[in-house]
Amino acid sequence: MMNTKLLLLTPALLLSACATPTDDPTKGGLLGGIHGLGGAYDQRIEARERNLDALKQAQKNTQDQQQDLRQEHTRTKTEHDILNKKVTTLTTSINKLEASIKKTKANTTKKQQQKAKLSKRATQLRGEAKALKVSLSAAQNNDQELARLRSEEARLSKEIKALQEDMYLLEL
């Protein structure tokens with residue numbers, strides 16, 4: 001009876017011993033488990049550690065990029081705020097200039113023509129300053145647009161100074 005049981009169990013043991021070993025010790029039966037406990041287990045650990053290191057490096061890179069973007073945003077916002085203040089100052093200068101033009105007495109035809117010309121140019125500059133203010137609101141995070149608006153502000157500033165000089169000459 002014992003021999004019969006042994007004969008019946010022998011093929012089952014042989015079949016389980018012939019199972020293909022895998023790297024996973026939880027699969028593949030006894031032989032697969034023994035194989036998986038060797039170097040394959042260590043290889044899986046090393047592979048996972050390399051993967052973890054790669055993920056940590058990617059996370060660090062992402063954090064560095066985020067910091068760079070925050071700094072860039074802060075710089076751009078500061079530039080935007082400065083330019084916005086300059087445009088407000090230009091608008092105030094235009095208002096003062098228009099008030100001065102209205103007060104100026106033009107007793108000759110030539111001076112009346114110059115006064116009308118100055119008044120028209122002041123109105124144009126007011127429109128350009130208003131358009132600049134609108135463009136500035138739309139270009140908060142666009143460096144190229146902010147650079148263009150900076151140069152536009154500088155041009156308007158020069159024109160206002162020239163208009164102020166012309167106004168001074170008209171008053172003489």
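Predicted model: local features only at pLDDT ≥ 70, side-chain atom pairs only at ≥ 80, totals over all residues.
**Salt bridges and surface patches in a helical model**

Student: Where do Asp81 and Lys77 lie?

Tutor: Both are in helix α2, four residues apart, about one turn of the helix. Helices are DSSP runs of H or I with at least four residues, strands are runs of E with at least two, and both are numbered from the N terminus.

Student: Which residue does Glu79 pair with?

Tutor: Glu79 forms a salt bridge with Arg150, with the closest N and O atoms 2.5 Å apart. Glu79 lies in helix α2 and Arg150 in helix α4, so this pair ties together parts that are 71 residues apart in sequence. Glu79 counts as partly exposed at 21% relative accessibility, and Arg150 is partly exposed too, at 37%.

Student: How many salt bridges does the structure hold?

Tutor: Twelve. One of them joins Glu152 and Arg155, whose closest N and O atoms are 2.5 Å apart. Those two sit in helix α4, three residues apart, about one turn of the helix.

Student: What network are Glu152 and Arg155 linked in?

Tutor: A network of salt bridges that also includes Arg121, Glu128 and Glu159.

Student: New topic. What about His80, is that buried or exposed?

Tutor: His80 counts as buried, because its relative accessibility is 7%. His80 has its place in helix α2.

Student: Which residues does His80 touch, leaving aside neighbours within four places in sequence?

Tutor: His80 is in contact with Leu136, Ser137, Gln140 and Leu146. Contact means heavy atoms within 4.5 Å.

Student: And the surface, what patches are there?

Tutor: Tyr168, Leu169 and Leu172 make a nonpolar surface patch of about 370 Å². Patches use residues with over 30% relative accessible area and no salt bridge, joining like charges within 9 Å and nonpolar side chains (Val, Leu, Ile, Met, Phe, Trp, Tyr) within 5 Å. Areas come from the Shrake-Rupley method with a 1.4 Å probe, and for residues only the protein chains shown count as cover.

Student: Where does Leu172 lie?

Tutor: In the segment after α4 (143–171). Leu172 counts as exposed, at 62% relative accessibility.

Student: Which residues gather in the patch of negative charge?

Tutor: Asp42, Glu46, Glu49 and Asp53. Lys and Arg count as positive, Asp and Glu as negative, while His and the chain ends are not counted. The place of a charge is NZ of Lys, CZ of Arg, CG of Asp or CD of Glu. Asp53 lies in helix α2 (residues 29–103).

Student: Last one: how many helices and strands does the chain have?

Tutor: Four helices and zero strands.

Key: Residues numbered from 1 in each chain as written. Heavy atoms only, no water. Salt bridge = Lys/Arg side-chain N within 4 Å of Asp/Glu carboxyl O. Buried < 20%, exposed > 50% of the residue type's maximum accessible area, 1.4 Å probe, protein only.
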